[in-house]
Amino acid sequence: MGEKIKRAIGVEGDFKTAILPMINYSYANMFLGGAGYIISMYFTIFLTDVVNISLQQAGIVVMIATIWDAVTDPVMGIITDRTRSKFGRHRKYLLWGIPVILISYSLLWNSFGINGRENPRMAMIYFIVVYMLYKTAFTIVSVPHTAMLPELAPEYNLRTQYNSVGYLFNSAGMVPAFGIAVLILGIFGSGNNITSESKAPFLVIGIVLSVFFSVSVFLTFKTTKEKPSLGMHVEPLDIKYILREYVLVFKNKSFRQYFFMSVAYQFSTGFYANSKVYYIKYLANQYSRYALFNAVAGVAEAGAFPLNYALTIKYGKQKCGNIVTPLMIAGLAIGLFMQTDNGGKWSWIFAVLMMLSMILYPFGMSGLGFVSTNIFPDLTDVDELITGRRREGVIATFSTLIKKSIAGVMAAMVGFTLQGFGLVTGDTVSEYEKATGNLFTQSGSAIWGVRICVAVIPIAAALISLYLLKSFKMNKEDHTMIRAAVATKHKYGSVTLTEEEIKRCELISGQKFEKTWLGTGNSEEVHRLEKNEDGKYIILIEAEEEKQELEKSNQK
């Protein structure tokens, strides 16, 4: 990278010490972003139109597996936070997750000849078990990977840079995975329509992608370094300890603000994602352009990244959400007016509107997503202000426990809503079209069911999320001050803050200062926070580490 480019994005240091660690950490994002992207695009319609289970049964499959995912996340969080290993607390679990990825992702797209019309209960049970196995693989990798970040990137903007590189690697997983899926579907003749005859291409897709994603996780395990945790002290584990750990998380005001904002955001994106394929296939009758629409959406989301990054670095982590989210809402609103494209003289207008929706929604959606991703690591520092401990795994998994449980119920709600409004899917549609030669027309009630799931609920939830974003107050200076105070307390056993610094700590944590770890047990000795000549807080531990590294370099 040229020096001008590095200065533009705020990166200091050479490629080996500054950029390469971000790349190494982000290889696993190819799995974390790519695997879920293909599932969001094809899994529900694979269940309803290939395996031929009902919309309600498909919703139950997703709900149970997602709730299982939510339950296993906190377990994994506690395990990683208590792990003593020469590899560190988190890294070795990436290796353990690889065989589970290989097996589960292959099975996820293979029904072994089970047909939902002939044996609906067996088909539903099979996919519940297999999807739960995949969710377990995802948990084994994603929880330790997420929990590593605050340790690898302790500084406010450095975390944004790590997350930004990870965002690019999400796309590096999504784009080739999408290309592989489209190519294989095209080779087998299922590119323009997915029916019960599409079993073979999905089996091949599952096998090929399971290998691709496993390699990406292995690369992160092999190239990322984490401090050993062999000598780490852990408290005895019991139910009371576990409950206390998770009650403490919600005492963090910044976490509560983040949590409710991200839940509303998830409602918006979840309802849209679970109903989008039916929106395109049955409401707009433009499934022949499905691959094109998704390609355009991917480009639009990736295209928003430079703007989101620039706004975050210059104005703080909340700004991009405030600016670009209205575009997301505009993209969703198009679903309120979309009509079926039957080849009439105005059909091109609806094709253009659909394309516009595929540009506006992902571009705007990326803003709130970028905010949520970048705010989250900072919550661990606020939690340390309150508790005096590093609890990345617990904080990460408490959040996902609730949000994924909601997402599971939400997936079932979409299925029950669409079926309740009378949407018809699967072989019933294709058999009608083959027998009559006419396009199957959904009822007016079914069309409104799609509109509610793809536009009405997502718009309302996006507006709530945007409103809640404005209540999040912590900025870069606050975060640096908190880290400096925590480091001073760890070094001296005591810290002395000004009245203004105490007020900021109370505003951000939602706790009276004297009830937090930072405010208790302080001696009469004065240990004020140090600042450099630019008036920026100095974090003592990091300053000492930099001094030691410089001395080693000079000795060499």
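The structure is a predicted model, and its protein chain contains 19 helices and zero strands. The C-alpha atoms of the chain, taken along the principal axes, fill a box of roughly 85 × 50 × 45 Å. Of the 556 residues in the chain, 56% are buried.

Helix α17, which comprises residues 476-492, was examined along its whole length. With 17 residues, α17 reaches 24 Å from its first C-alpha to its last, a span close to the 24 Å expected at 1.5 Å a residue. Twelve of the 17 residues of α17 are buried, and the helix is therefore largely enclosed by the rest of the structure. The buried set begins with Asp478, His479, Thr480, Met481, Ile482 and Arg483, and it continues with Ala484, Ala485, Val486, Ala487, Thr488 and Lys489. At the N-terminal end, α17 is capped by Asn475, of which a side-chain oxygen lies 3.2 Å from the backbone nitrogen of Glu477. Just after the helix, Gly493 takes a positive phi of about 80 degrees.

In general, a pair of packed helices is described by the angle between their axes and the distance between the axes. For helix α11 (residues 290-315) and helix α13 (residues 347-387), the axes come within 7 Å and cross at roughly 35 degrees, and the crossing in which α11 passes α13 is right-handed. By class, the contact of α11 with α13 has 17 nonpolar residues, together with five polar residues and one charged residue.

Two residues of helix α13 were considered individually. Ser366 has its place in this helix and is buried, with a relative accessible area of 1%, a value under the 20% that sets the limit for burial. Ser366 and Met328 are 38 residues apart in sequence, and their C-alpha atoms are 8.5 Å apart in space. Asp381, which also lies in α13, is buried with a relative accessible area of 5%. The side chain of Asp381 is joined to the side chain of Arg390 by a polar contact of 2.9 Å.

Asp73 lies in helix α4 and counts as buried, at 1% relative accessibility. The C-alpha atom of Asp73 is separated by 32 Å from that of Ile539, the two residues being 466 residues apart along the chain. Val175, by contrast, lies in helix α7, which spans residues 156-187, and is exposed, with a relative accessible area of 57%. Between Val175 and Ile508, which are 333 residues apart in sequence, the distance from C-alpha to C-alpha is 39 Å.

Most residues other than glycine have a negative phi. Asn52, although it is not a glycine, has a positive phi of about 70 degrees; the residue lies in the loop between α3 (29-50) and α4 (55-81), where Asn52 is buried with a relative accessible area of 8%. Phe112 likewise is not a glycine and has a positive phi, of about 55 degrees, and this residue is found in the loop between α5 (92-108) and α6 (120-152). With a relative accessible area of 56%, Phe112 is exposed, whereas Asn52 is buried.

Notes: Residues numbered from 1 in each chain as written. Heavy atoms only, no water. Helix = DSSP H or I, 4+ residues; strand = E, 2+ residues; numbered from the N terminus. Expected span 1.5 Å × (residues − 1). Buried < 20%, exposed > 50% of the residue type's maximum accessible area, 1.4 Å probe, protein only. Polar contact = N/O pair within 3.5 Å; in protein donor to acceptor, adjacent residues only side chain to side chain. Axes fitted to C-alpha atoms, helices over the stretch in contact; angles between N-to-C directions. Left-handed = near helix turned anticlockwise from the far one by under 90°. Nonpolar A, V, L, I, M, F, W, Y, C, P; charged D, E, K, R; others polar.
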